[in-house]
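Here is a short briefing to read alongside your viewer.

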Amino acid sequence: MAAVEQQNQAAEEDVAVKEPLDLIRLSLDETVYIKLKGDREIQGRLHAYDQHLNMILGEVEETVNYYEIDDETYEETLKSEKRSKPFLFVRGDVVILISPSLRQ
Amino acid sequence: MDGQGQGQGQGQGQDRLANRHQARTPLHAKALIEELDHKQLVVLRDGRKIVGLFRSCDQFANLVFQNPYERIIVGKQYCDLPLGSIYLVRGENVVMMGRVDEGREIPSTLQLVSPAEIRKAQQAEKEEQLIRGTMLKRLDFLDLE
Amino acid sequence: MLFYSFFKTLTGKEVTVELKNDLAITGILHSVDQYLNIKLNEIKVVDEAKHPHLLAVKNCFIRGSVVRYIQLPQDAVDTDLLHDATRREARNAA
């Protein structure tokens, strides 16, 4: 009896969203979009996270935006560079936002 | 010959010092303790590079160096400027620390210049970056997207 | 503690650590501590020409707080294990 109750409770806990991090728990093994400090964004499958928002992602695509400055005219052009990585640990303190990614 | 003798003496002292540290420091600081009494290169958050004999540390990665010098590299030129006898680096400013291989400390592509020359080169580099920085700020202000 | 435990299982494997100052270092993971400070052996700086001062350095200690990413070897990641550990950690934190 008690064991069944506990199991039900656990199942309820698994879907209930009581605090922000619960939303991230529901994205486990799903593709997420993450905006990072330093004009970077990444998309990837969320495999692990902790309360600091440290994360491990799989099949990652990173986009870095930066200004390139011409050596002579000092003219700036906005460039964007994409990189793929199979598995990536991301440190929580560079994370700005996490969102369940829209399917493309 | 003289140098070798000194090296051995230092080796014994090093063991004693390491043992003393091990007794007082929690296990997780072991990574740093292994590096005690070796010459290290430290990179700071502002990009400065300090080379010195690593003498002490704690759990915040506060680091103490003996006879350190700042290694300034501008382009293909470099210069080592002494920083005094004892130097403490606050942990939060440490980016990384690596043991220096004394045999090949300076890459042969770099050329030693005088402190005055390196300061001049540094100033020129700084001014160029300043111009670039100002341009970027102006663009931020205009909020072009 | 999840990531501390995870990185302990990666010791001896090759990783690439990308720092917040854009320096990227590849090396064999020697050890990690509770702050996720990292020690690498046999290091190679990805953009060596830009960082000539690091040519003389073979091992290094990296302060956890300056890390942006760590690229992990594909064969060292058990995703099912990570999912379970993450759920457990989330329950314990609640």
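The buried residues of α1(C) pack against β2 (40-49), β3 (55-69) and β4 (76-90) of chain A, along with β2 (24-32), β5 (67-71) and α2 (79-93) of chain C. Helices (H or I, at least four residues) and strands (E, at least two) are DSSP runs, numbered from the N terminus. This is a predicted model, in which local features need pLDDT of at least 70, side-chain atom pairs count only at pLDDT 80 or more, and totals for chains, interfaces and linings use all residues. Residues are numbered from 1 along each chain as written, chains are lettered from A in the order written, and side-chain values use heavy atoms, leaving out hydrogens and water.

**Helix α1 and the fold of chain C**
- In α1 (residues 2-9) of chain C, the residues Leu2(C), Phe3(C), Phe6(C) and Phe7(C) are buried, where buried means under 20% relative accessible area, exposed over 50% and partly exposed in between (1.4 Å probe, protein chains only).
- Viewed down the axis of α1(C), these buried residues fall within an arc of 120°, so they line one face of the helix; the arc is that of the directions from the helix axis to the C-beta atoms.
- Chain C has two helices and five strands, which follow the pattern α-β-β-β-β-β-α along the sequence.
- The C-alpha trace of chain C spans about 45 × 25 × 20 Å along its principal axes, and 54% of the 94 residues of chain C count as buried.
- Of the contacts in chain C with a separation of 6 or more, 45% are between residues 24 or more positions apart; contact means heavy atoms within 4.5 Å.

**A look at Ala24(C)**
- Ala24(C) sits in strand β2 of chain C and counts as buried because its relative accessibility is 15%.
- Leaving aside neighbours within four places in sequence, Ala24(C) is in contact with Thr16(C), Val17(C), Glu18(C), Lys44(C), Val45(C) and Val46(C).

- Residues 2-76 of chain C are 11% helix and 45% strand, while residues 30-99 of chain B are 6% helix and 61% strand.

**Largest pocket**
- The largest pocket has a volume of about 1,500 Å³. On a 1 Å grid over the protein atoms alone, a pocket is an open set of points with protein on both sides within 12 Å along at least five of seven lines, a cavity is a set where a 1.4 Å probe fits but cannot get out, and lining residues have an atom within 4 Å of a point.
- Its lining has 43 residues, with Gln129(B), Asn21(C), Asp22(C), Lys50(C) and His51(C) nearest the centre of the pocket.
- β3(B) gives the most to this lining, with five residues.
- By class, the lining of the largest pocket has 14 nonpolar, twelve polar and 17 charged residues (Ala, Val, Leu, Ile, Met, Phe, Trp, Tyr, Cys and Pro are nonpolar, Asp, Glu, Lys and Arg charged, and the others, Gly among them, polar).

**Cavities**
- The whole structure holds two cavities of 30 Å³ or more; grid points are joined across faces, edges and corners, and a volume is the space filled by probe spheres set on the points.
- The second largest cavity holds about 40 Å³, and its lining has five nonpolar, two polar and no charged residues.
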